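Morning, everyone. I have one protein to show you today.

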Amino acid sequence: MALSLSSRSVFLSFLLFLSLSLSFAEIRYTQIRSDVRPIIPFDQFGFTHTGRLELNVSGISISDPNADLSKVGFFLCTREAWMHVLQQLEDEEVTCVLLSDLVKPVFSFSNLKKNGDSFNTVFLETDADQFTLVFANCFGNRLTVSMDVRSAMYNLDGKSQRRDYLSAGKTILPRVYFLLSLGYFFLAGLWISVLYKKRLTVFRIHFFMLAVLILKALNLLCEAEDKSYIKRTGSAHGWDVLFYIFSFLKGITLFTLIVLIGTGWSFLKPYLQDKEKKVLMIVIPLQVVANIAQVAIDESGPFAQDWVTWKQIFLLVDVVCCCAVLFPIVWSIKNLREAARTDGKAAVNLMKLTLFRQYYIVVICYIYFTRVVVYALETITSYRYLWTSVVAGELATLAFYVFTGLKFKPEAHNPYFVIDDEEEEAAAEQLKLEDEFEL
């Protein structure tokens, strides 16, 4: 049986979900109400040879109890196997996903007890691979299903047989995030000592940089605790709320800092032009939207009908923000280039121009690496080494913070706000004339 247009779009959406290489890996409580989707993806998880899936489903209601319920149920599937399943459906080798020999059936509704509306099952997964838990309804729009689903996927850890609710490729992330948070706290302390030693040349922007460092450190600390609790218990126990708060504040302050540095605020001039204010008025609300989308993505899970929509909104907003923060840097480069040719201070302005060009290139590289290269690593890396893409992205962010601090640290001879000898002589002469006039 060939796929209909609507069914094909759902199957391709599921393929998009698989390509995102996500591992939610916590205990999920899901409500499905009068759903007609042929495929409903739940969570993706990297199993070891001691993997377990606990599935508890209650409140099952089917619009046609007399239908062939062997074509309704749950199964596990890998990304590679799903590609072949799609081909089998196109070639009409199978008429239902659950009938394919490439998937692992977990529970078929034909096994429900007579007049039963619930079941509990534990599926032992001994094949080490990344699987996705999926619900299939091969009747499409002809059959609606309602149910409450509790799913828990975990691996048993060594001899202790303790449950590890984090995917095999992300089980070390709590330690990684904690070590990174310590690194940022150390940088914050180092930055405070620099501000104290160079307090005569400190600008307001330097305190803003300190706030960004502290928020990043707190964000990583909360993420470490969040992942640690999920690893042990399958639930974040409220740490996810703190993580979202600090992630929101960190995102807004980081993009704002890039805009403020790019405009020369506090260093070159203590004000923002109208067009620069408009950039901030665009970037900050977009960051709010991006964080709302991120919360919706994480909390609803891929089973929600609007999950893919929220994912697309997040990606679009993130791209727009990344492009918006480049404009102030380009404007400053243009103004400095013109000033170097017209105001007679070519040497100073060319030094500043060089610094702005370096910063522009570094910002582009940072955005490209964290948005494109890291995503590519997630896609091509084995599920066992998904932590490497997280480490790569965080190290790139750390390098960007260090570069920004080194280039724009409070220093009397920093080319960003250097005053040449001619300017100093002119200022001294002006003060002398003013004193003589007053006398």
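How much accessible surface does the protein have, and what share of it belongs to carbon and sulfur atoms? The total comes to about 21,700 Å². Carbon and sulfur atoms hold 62% of that. One caution before we go on: this is a predicted model. Every value I quote is computed from it.

Now the overall picture. The chain has 439 residues, and 50% of them count as buried. There are eleven helices and nine strands. Look at contacts with a separation of 6 or more: 80% of those are between residues 24 or more positions apart.

Next, the charged side chains. Side chains of opposite charge can pair when their charged atoms come close. How many salt bridges does this protein have? The count is twelve.

Start with Arg150 and Glu54. Their side chains meet in a salt bridge, at 3.7 Å from N to O. Arg150 sits in strand E8, residues 145-157, and Glu54 in strand E3, residues 51-62, so this pair ties together parts that are 96 residues apart in sequence. Is Glu54 buried or exposed? Glu54 has 13% relative accessibility, so it counts as buried; the cut-off for buried is under 20%.

Lys104 belongs to strand E5, residues 104-108, while Glu125 belongs to strand E6, residues 119-125. The two are 21 residues apart, and the pair links distant parts of the chain. Lys104 is partly exposed, at 22% relative accessibility. Glu125 is buried, with a relative accessible area of 1%.

Lys216 is in helix H4, residues 204-233, and Glu394 is in helix H10, residues 387-407, so the pair ties together parts that are 178 residues apart in sequence. Both Lys216 and Glu394 are buried. There is also a network: salt bridges with shared partners join Glu54, Arg150 and Arg163.

On to the rings. A pair of aromatic rings is described by the distance of the centres and the angle of the planes. The count here is 17 aromatic pairs. Take Phe45 and Phe47. Their centres are 5.0 Å apart and their planes sit at 65 degrees, so the pair is edge-to-face. Both residues are buried.

Now Phe109 and Phe135. Their ring centres are 5.7 Å apart with planes at 50 degrees, so this pair is tilted. Phe109 is in the loop between E5 and E6, and Phe135 is in strand E7, residues 129-137. They are 26 residues apart. Phe109 is buried, at 1% relative accessible area. Phe135 is buried too, at 1%. Which residues do ring pairs link into a cluster? Phe42, Phe74, Phe107, Phe109, Phe119 and Phe135.

The charged end of Arg199 sits over the ring of Tyr196, 4.5 Å from its centre.

Last stop, the surface. Phe178, Leu179, Leu182 and Phe185 form a nonpolar patch there. Together they have about 370 Å² of accessible area. Leu179 lies in helix H3, residues 173-197. Leu179 is exposed, with a relative accessible area of 59%.

That's the tour. Questions, please.

How values were computed
Residues are numbered from 1 along each chain as its sequence is written. This is a predicted model: local features need pLDDT of at least 70, side-chain atom pairs count only at pLDDT 80 or more; totals for chains, interfaces and linings use all residues. Side-chain values use heavy atoms; hydrogens and water are left out. Helices (H or I, at least four residues) and strands (E, at least two) are DSSP runs, numbered from the N terminus. Buried means under 20% relative accessible area, exposed over 50%, partly exposed in between (1.4 Å probe, protein chains only). Contact means heavy atoms within 4.5 Å. Accessible areas come from the Shrake-Rupley method with a 1.4 Å probe; for residues, only the protein chains shown count as cover. A salt bridge is a side-chain nitrogen of Lys or Arg within 4 Å of a carboxyl oxygen of Asp or Glu. Patches are made of residues with over 30% relative accessible area and no salt bridge: like charges are joined within 9 Å, nonpolar side chains (Val, Leu, Ile, Met, Phe, Trp, Tyr) within 5 Å. Rings of Phe, Tyr and Trp (its six-membered ring) pair if their centres lie within 6.5 Å; planes under 30 degrees apart count as stacked, over 60 as edge-to-face and the rest as tilted. A charge sits over a ring if NZ of Lys or CZ of Arg is within 6 Å of the ring centre and within 35 degrees of the ring normal.
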